[in-house]
Amino acid sequence: MAYKYKEVADGLRKEINSGKYAPGELMPDQNQIATDYNTTRITVHKALQLLIVEGMVYSKRGSETFVRKDYSPEINSSKFGKVSPIDKPFGATLTNQGKKVTSKVLELSARIPTAKEANQLIIAPTEPVYVIRRVRFVNGEVFAYEHTVMPTSITTLTEKVLEGSIYAHLQKDGLSIEGSHRIISAGAASQEDVETGIATKIEQPVLVIRQLSYLDDGQPFEISESRFPYKTSSITADITL
């Protein structure tokens with residue numbers, strides 16, 4: 001059975017894409033939406049959080065919600081894309097089961113988020129976030145370089161946790177990961193890519209995945225950028241029409 005907030009989000013998404021609410025237009029308040037969908041205001045709040053993550057709407061002045069002025073049903077304007085058939089966050093451990101996956105932790109620190117990060121993670125501007133940088137290895141070979149920003153309120157992280165699987169750690173904490181909004185692109189290697197072993201020289205092609213991942217209650221928990229060596233990296237998707 002699907003969560004009620006997902007049903008509400010699906011309904012609002014269809015209404016926005018149909019043109020019922022134009023870019024920049026104020027949407028009904030949360031109490032009215034709750035009445036329309038025969039649910040609670042809390043459920044509506046979670047549904048709107050999901051649409052915020054997707055880049056369709058934004059909130060201001062308390063509970064007022066507007067369709068983004070730059071949103072177009074024809075062109076996905078979200079900075080993290082829509083959920084695609086590759087709609088689950090994936091990590092080195094999950095995608096390389098049966099192989100030896102290890103990590104070299106380069107950084108585990110905490111700081112106040114930037115305004116952009118706070119907006120994407122839907123947290124207060126003063127709520128601290130972890131900054132995580134690590135290189136992942138599979139069977140001793142460089143697999144990926146990861147740079148992650150995560151609210152400290154989500155879980156407690158240590159270097160020992162980072163040496164293993166963060167997602168497995170979250171699941172042990174009772175958290176359920178629902179999906180990601182992801183952009184996959186080609187990039188040019190930087191000096192950092194060379195230093196971390198992702199590339200052998202600057203400007204060499206690298207596979208880049210930027211994603212915003214969220215829990216099953218719609219709360220974003222991670223902004224990440226992963227960079228992969230072009231010679232050994234590929235993505236497979238099974239698409240049903």
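This is a predicted model: local features need pLDDT of at least 70, side-chain atom pairs count only at pLDDT 80 or more; totals for chains, interfaces and linings use all residues.
Figure 1. Not counting residues up to four places away in sequence, M27 touches L12, I16, Y21, V57, T65 and V67. M27 belongs to the largest nonpolar core, which holds 19 residues. Within this core, the residues that touch the most other members are L12, I16, M27, L51, M56, V57 and V67. Two or more core residues come from each of the elements α1 (4-17), α2 (30-36) and α3 (41-53).

Figure 2. Another core, made up of 14 residues, lies apart from the largest one. Its members include V105, M150, I154 and I166.

**Figure 3. Strand β4 and its pairing with β3.** Strand β4 spans residues 129-138 and is mostly covered, with eight of its ten residues buried. Strand β3 (residues 101-111) pairs with β4 in the antiparallel sense, over ten bridges. In this pairing, S109 stands opposite V131 in β4.

**Figure 4. The hairpin of β4 and β5.** Strand β5 (residues 141-151) runs antiparallel to β4, and ten bridges join the two strands. F137 stands opposite V142 in β5. Two residues lie between the strands of this hairpin, and N139 in the turn has a positive phi of about 50°.

**Figure 5. The whole protein as context for the close-up views.** The protein contains eight helices and eight strands. Of its 241 residues, 44% are buried. Among contacts between residues at least 6 apart in sequence, 62% join residues at least 24 apart. The protein exposes about 12,800 Å², of which carbon and sulfur atoms supply 52%.

How values were computed. Residues are numbered from 1 along each chain as its sequence is written. Side-chain values use heavy atoms; hydrogens and water are left out. A nonpolar core is a set of buried Ala, Val, Leu, Ile, Met, Phe, Trp, Tyr and Cys residues joined through side-chain atoms within 4.5 Å. Buried means under 20% relative accessible area, exposed over 50%, partly exposed in between (1.4 Å probe, protein chains only). Helices (H or I, at least four residues) and strands (E, at least two) are DSSP runs, numbered from the N terminus. Contact means heavy atoms within 4.5 Å. Accessible areas come from the Shrake-Rupley method with a 1.4 Å probe; for residues, only the protein chains shown count as cover. Two strands pair if DSSP finds at least two bridges between them.
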